[in-house]
Amino acid sequence: MSDVTLATLPIEAALQQAQVNGQHRPTSLISMRDIWKTYQMGTEEVHALHGVSFDVNKGEYIAIIGPSGSGKSTLMNLIGCLDTPSKGDYWLNGKNVSEMDDDELARIRNQEVGFVFQTFNLLARATALHNVELPLIYGGIGSTQRHEMATQALKAVDLSDRVTHRPNELSGGQRQRVAIARALVNHPSILLADEPTGALDTHTSKEIMDLFERLHSEGNTIIVVTHEHDIAARAHRILSIRDGLIEKDEKIK
Amino acid sequence: MRVDDTDETQGTSPSSYEFGQRIAPSSKSRLIRLFRFAALWEGFLVATSSLRTNKLRTSLTLMGIVVGVTAVIAVVTIIKGLDKTVAQTFSSQGSTVFTISKKPQIIKSREEFIRFNKRKDVTHEDAEAIARLCTSCWRVGVAANAFETVKYADQKSDGVRVRGVTPTTMFDIDGVAIDAGRIWTEGEGDSGREICIVGPDILTNLFGGAAADRAVGREIRIAGRPYTIVGVLEPLGSIFGFSRDNVVYIPYSSYQKTFGSRSSIIVFIQVPTAEQLEAAEDQVRTIMRNRRGKIFADDADEGFSLETQDVFLDLYGKATSNIYIVTIGVAAISLVVGGIVVMNIMLVSVTERTKEIGIRKAIGARRKDILTQFLIEAVTVTAIGGAIGVGTGFGLAYIISALIGFPLLMSLASAVLGVGVSSVVGIISGLWPAWRAAKLDPIEALRAE
């Protein structure tokens, strides 16, 4: 299944790779093995990713960085289980995601992934509390417990006083914090942020990045996808993507 | 944070969000998950809020459904009311009475009219022959009708039905009873005395609603001739807005004196029980054929018309069943059109809310969650339309029944049916748009603006 040379991988990853090849479940939280993503553009096949492999352990804070068109968004969609690879294996928290159907992926997104988007992507007509409750609704959590969990999540992002506000009554930073509360409310395995500060001013950006740092210190696994180097620099490990391949994988802290 | 059943250890700090601190749904919410109640309720909330946001669009969308359901409910309710009225009215004479007349009461064409006019008049002699020869007959009477102006002092009433009858058993055959005063004696009737028995409407119209016994003995003018009131009838009520109490009974011999003797009469025959009706009809038919010189049954025209109340009931039945068919057709067309409108609006709604669908999918909504959300929206629209239709239908029926004057019979079954059928229309027309929403690719949906 794999034609990746073991020598190109860090030693831990190589060991895990060996286990995957031997059909063992990887011990790391995220394990991507020789991931390809191919799009059909007319008659032409375009490879957005060609053979990406890496591992993420619990509690890591990673930035994925790369210019536009590098395959960074494709990789993020795969990590977030919004899409499945054309080829390769993706293990998330012990589950092989690469062969799941739509509804199984929805379940994984609900339970394992917390999304934070550049444009917040809150439901405009719903209150902050309802927005945060939404993943729990689809997770089938009863209303009393749901209400309690959502309130707690909003408290965790210091928005206890904005529970009944709608997105248009909140500032950009507050909106993003609602989105973060929504991402965290179901206690996912990974917090996946796509350009989380792209729509925010410098001051608010710093606030949000401070919040990420705190969440990381509380034990959350965070993956930030960005093209801004100063945002990436807040992470503890940077994966640089170029032309559909991992160009560099460096621990910086 | 406090959570009832967690399958892993909870975080120490109340505000911390640690990895893997998965909340397992409690046994109760596990059950709820089976029914996806939360997701269904979410669908309903989304539906109502989106319908509220687009009020104009929603009300326009509702129109087709409302019109269809209104039509059905109004017609069904009105016809039920009419059915009851008709049943009550005709049971007062019942199926023990039939008539012999020159012309049938319902003439379908000009040709028929010409043919019936060539017949001999039915006369008092015919009635006497029937009374004498028909052994199965119980009561035989004759009646002639005219519509005339009736006056008292300076009061007058136009279009009063003046009914010349003999003998006095005609009151029993007509199923009317005396409220005050008396029925004239056969002697008074045969001698052509100018006496009358009036319906309650005459009291209202000529005597300012005076008590029945105060009218007895007064003299009114019928077609210019003075008649003394000897009795007042009990009220019969009205049918289809026509009062059956706007009537004056006079002896037939007096009727001939006032209106001339050259008009055809109607012979009323009553049998004791409905079972004897057929035998009596056969006898009377034979007697009348003999009197008209028509011996052979295959003769083109018998020269008289033998009718029971069934002709009305048949005609009424045919008319209402036609109304039913037309209404069902109208309703079906408006429901189909309404359904197409709903489908169209739902497609627009799906397109408009592509982003929202993307967000919901990203955070874990499955296909069937999105599908049910949009189905609920479609069903909510059509069910509201149906409910409004039931309301306006009953309202329309109420107004019409009040105007025409028949009982209003609102049935729960038709209300349930109205809302039910429109909900089914909602499901059918919502299915395709909802399916399109459900199978949207989350990545592309998120990209939408």
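**Cores.** I started with the largest nonpolar core, which has 129 residues; Ile64(A) and Ala181(A) have the most contacts inside it. A nonpolar core here is a set of buried Ala, Val, Leu, Ile, Met, Phe, Trp, Tyr and Cys residues joined through C-beta atoms within 7 Å. A residue counts as buried if 20 or more other C-beta atoms lie within 10 Å of its own, exposed if 12 or fewer, and partly exposed in between, with C-beta atoms placed from the backbone. I then listed what Ile64(A) touches, leaving aside neighbours within four places in sequence: Lys72(A), Leu75(A), Met76(A), Ile223(A), Val225(A), Leu239(A) and Ile241(A). Contact means that the C-beta atoms of two residues, placed from the backbone, lie within 7 Å. A second, separate core has 52 residues, including Val162(B), Ile266(B), Phe268(B) and Ala280(B). As background, nonpolar side chains tend to be buried together in soluble globular proteins.

**Ground rules.** The model is predicted: local features need pLDDT of at least 70 and side-chain atom pairs count only at pLDDT 80 or more, while totals for chains, interfaces and linings use all residues. Residues are numbered from 1 along each chain as its sequence is written, and chains are lettered from A and ligands numbered from 1 in the order in which they are written.

**Chain totals.** I counted eight helices and 10 strands in chain A, and 16 helices and 12 strands in chain B. These are DSSP runs numbered from the N terminus (helices are H or I, at least four residues; strands are E, at least two). Of the 253 residues in chain A, 52% are buried; of the 449 in chain B, 39% are buried. I also checked sequence separation: among contacts in chain A between residues at least 6 apart, 66% join residues at least 24 apart. In chain B, residues 24 or more positions apart account for 79% of the contacts with a separation of 6 or more.

**H4 and H5 of chain A.** I looked up how H4(A) (residues 128-138) meets H5(A) (residues 143-156): their axes come within 9 Å and cross at roughly 125°. Axes are lines fitted to C-alpha atoms, for helices over the stretch in contact, and angles run from 0 to 180 degrees between N-to-C directions. The two helices are therefore oblique to each other. Angles under 35 degrees count as roughly parallel, over 145 as roughly antiparallel, 65 to 115 as roughly perpendicular and the rest as oblique. On the H4(A) side the contact is made by Ala128(A), Leu129(A), Val132(A), Glu133(A), Leu136(A) and Ile137(A), and on the H5(A) side by Arg146(A), Met149(A), Ala150(A), Thr151(A), Ala153(A) and Leu154(A). By class I have nine nonpolar, one polar and two charged residues in this contact. Ala, Val, Leu, Ile, Met, Phe, Trp, Tyr, Cys and Pro count as nonpolar, Asp, Glu, Lys and Arg as charged, and the others, Gly among them, as polar.

**H5 and H11 of chain B.** I found H5(B) (residues 124-133) packed on H11(B) (residues 277-292) at an angle of about 135°, with axes 10 Å apart. That makes H5(B) oblique to H11(B). Asp126(B), Ala129(B), Ile130(B) and Leu133(B) of H5(B) meet Val284(B), Ile287(B), Met288(B) and Arg291(B) of H11(B). The classes are six nonpolar, no polar and two charged.

**Between the chains.** Which residues of H3(A) (residues 102-112) are buried? I noted Leu105(A), Ala106(A), Ile108(A), Arg109(A), Asn110(A) and Glu112(A). Among the elements they pack against are S4, H4 and S7 of chain A, and H13 (354-362) of chain B. Seven of the nine residues of H13(B) are buried, so this helix is largely enclosed by the rest of the structure. Its cover includes H3 and S6 of chain A and H14, H15 and H16 of chain B. Gly364(B), with a positive phi near 120°, follows H13(B).

I noted a cis peptide bond from Thr166(B) to Pro167(B), with omega near -15°. Pro167(B) is in the loop between S3 (155-166) and H6 (170-174) of chain B. Cys81(A), not a glycine, has a positive phi near 60°. Cys81(A) counts as buried because it has 28 C-beta neighbours inside 10 Å.
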